[in-house]
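Work through the exercises below with the sequence and the model at hand. Each task is followed by a solution in steps.

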Amino acid sequence: MKLLFTTIFVLLTVTANSQTARKYSNEFMNIGVDAAALGMSNSVTSQTSDVNSGYWNPAGLIHLEDNQLALMHSSYFANIASYDYAAYAMPIDNQSAMGISLIRFGVDDILDTTQLIDDEGNINYDRIQLFSTADYGVTFSYSRKPTFAEGLSFGVNAKVIRRIIGEFANSWGFGIDVGIQYQTASWNFGIMARDITTTYNAWQINEDKYQTIQDAIDGQNQELPETTEITIPKLQLGISKLFEFHYDYSLETAIDLQMRFEENNDIISSSTISINPSFGLEFGYLDMVYLRGGMGNFQNELQLDNTEKLSFQPSFGVGFKYRGIQVDYAFTDIGDQSVALYSNVFSLKLDFSIFRH
């Protein structure tokens with residue numbers, strides 16, 4: 001077990017340090033899925049065990065007992081951006097499982113005013129057109145548990161990224177994630193390594209479209225932007241414990257550490273690594289009704305007077321499960337508690353066992 005963790009950590013460190021480009025891309029893949037997980041501030045790396053494990057930790061797919069389907073919709077930035085997610089997973093046999101998921105993060109009906117003024121300097125509003133920008137992520141997941149270690153499982157994701165900015169530009173990207181879980185009767189441990197080989201995006205720019213704005217402002221937009229992006233690796237460690245009271249009540253407590261191999265505003269940050277903790281709680285009654293809460297995204301924000309202020313992202317959620325149908329709700333935001341752009345997130349999970357009884 002220690003050897004597996006050490007090997008992945010070394011691979012991540014070497015890969016991150018070997019890249020000369022420090023580009024950040026595909027951040028839409030880090031927002032999170034499933035209102036149940038978002039209600040716990042994404043602290044689910046160690047205990048995720050359903051169809052949504054394909055996103056949080058593919059090793060958790062091995063705990064599926066039947067086929068499952070998940071759907072989610074949320075809006076961000078005062079309903080300007082839409083975030084949609086769908087996933088399907090199924091057990092292959094007693095030792096393995098697989099899944100597929102799709103994420104779309106998009107802004108639709110954006111005004112294209114690049115042709116608002118004609119060649120004679122006249123303003124013509126009929127020349128305004130609409131376009132959309134959208135990011136797509138398709139993930140293929142596989143999970144397996146070895147026969148030599150009880151409670152241990154591992155998983156791998158293969159990701160295909162597609163990004164489109166109207167007719168102006170588009171890109172393709174590819175990446176790999178690896179996850180491990182070790183679960184006991186009450187304690188759970190997990191590790192999720194995202195983009196372990198760095199996720200590489202290659203852009204194609206419509207040069208005809210680019211020429212229409214190239215000379216719009218003197219000294220600006222004179223050269224084509226770079227056409228490659230690199231998403232550096234990220235590591236997430238999790239630990240959780242389940243408490244049960246009188247058979248009817250349960251309490252799941254979880255702590256996750258999100259690590260990036262760069263310096264930023266995280267609560268713990270150095271020139272080589274930044275660490276951001278998150279905490280989550282889930283109170284359950286009769287395995288039917290759930291109440292969730294959490295805190296995460298702790299940031300040292302620089303103020304106008306050059307002082308730093310610690311901010312964080314709170315979250316709250318509820319859930320209801322009956323037989324094979326589970327509906328969850330989360331109230332959270334995409335930034336911190338100082339921004340009033342809170343989002344209402346709803347998700348649905350369907351276990352196909354409901355059709356077999």
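Two strands pair if DSSP finds at least two bridges between them. Helices (H or I, at least four residues) and strands (E, at least two) are DSSP runs, numbered from the N terminus. The model is predicted: local features need pLDDT of at least 70, side-chain atom pairs count only at pLDDT 80 or more, and totals for chains, interfaces and linings use all residues. Residues are numbered from 1 along each chain as its sequence is written, and side-chain values use heavy atoms, with hydrogens and water left out.

**Exercise 1. Trace the strand pairing around β8.**

Step 1. Strand β8 (residues 199-205) pairs with strand β6 (residues 169-183) in the antiparallel sense, over six bridges. In this pairing, W172 has A202 of β8 as its bridge partner.

Step 2. Strand β8 is also joined to strand β9 (residues 228-231) by four bridges, again antiparallel. Here N201 has E229 of β9 as its bridge partner.

**Exercise 2. Find where confidence is lowest and where it is highest.**

Step 1. The pLDDT is the predictor's confidence in each residue, from 0 to 100. Its average over the protein is 84, and 86% of the residues score at least 70.

Step 2. Helix α1 (residues 2-18) has the lowest confidence, with a mean of 39, and helix α3 (residues 53-56) the highest, at 97. Residues 1-23 have pLDDT below 50, and this stretch has 39 contacts in the model beyond near neighbours in sequence (contact means heavy atoms within 4.5 Å).

Step 3. Residues 335-340 also stay under 50, with twelve contacts beyond four places in sequence.

**Exercise 3. Describe the lining of the largest cavity.**

Step 1. A cavity is a set of points on a 1 Å grid over the protein atoms alone where a 1.4 Å probe fits but cannot get out; lining residues have an atom within 4 Å of a point. The structure holds three cavities of 30 Å³ or more, and the largest has a volume of about 120 Å³.

Step 2. Its lining has 16 residues, of which M29, K159, D177, R194 and D195 lie nearest the centre. Strand β5 (152-165) and helix α3 each give two or more residues; β5 gives the largest share, three.

**Exercise 4. Which parts does the pair of Y249 and Y285 tie together?**

Step 1. Aromatic rings of Phe, Tyr and Trp (its six-membered ring) pair if their centres lie within 6.5 Å; planes under 30 degrees apart count as stacked, over 60 as edge-to-face and the rest as tilted. The whole structure has twelve aromatic pairs.

Step 2. Y249 and Y285 form a tilted pair, 5.2 Å centre to centre with 40° between the planes. Y249 lies in strand β11 (residues 249-260) and Y285 in strand β13 (residues 274-285), so the pair ties together parts 36 residues apart in sequence.

How values were computed: 1 Å grid on protein atoms, 1.4 Å probe; cavity = no way out; pocket = protein on both sides within 12 Å on 5 of 7 lines; lining within 4 Å. Points joined across faces, edges and corners; volume = space filled by probe spheres on them.
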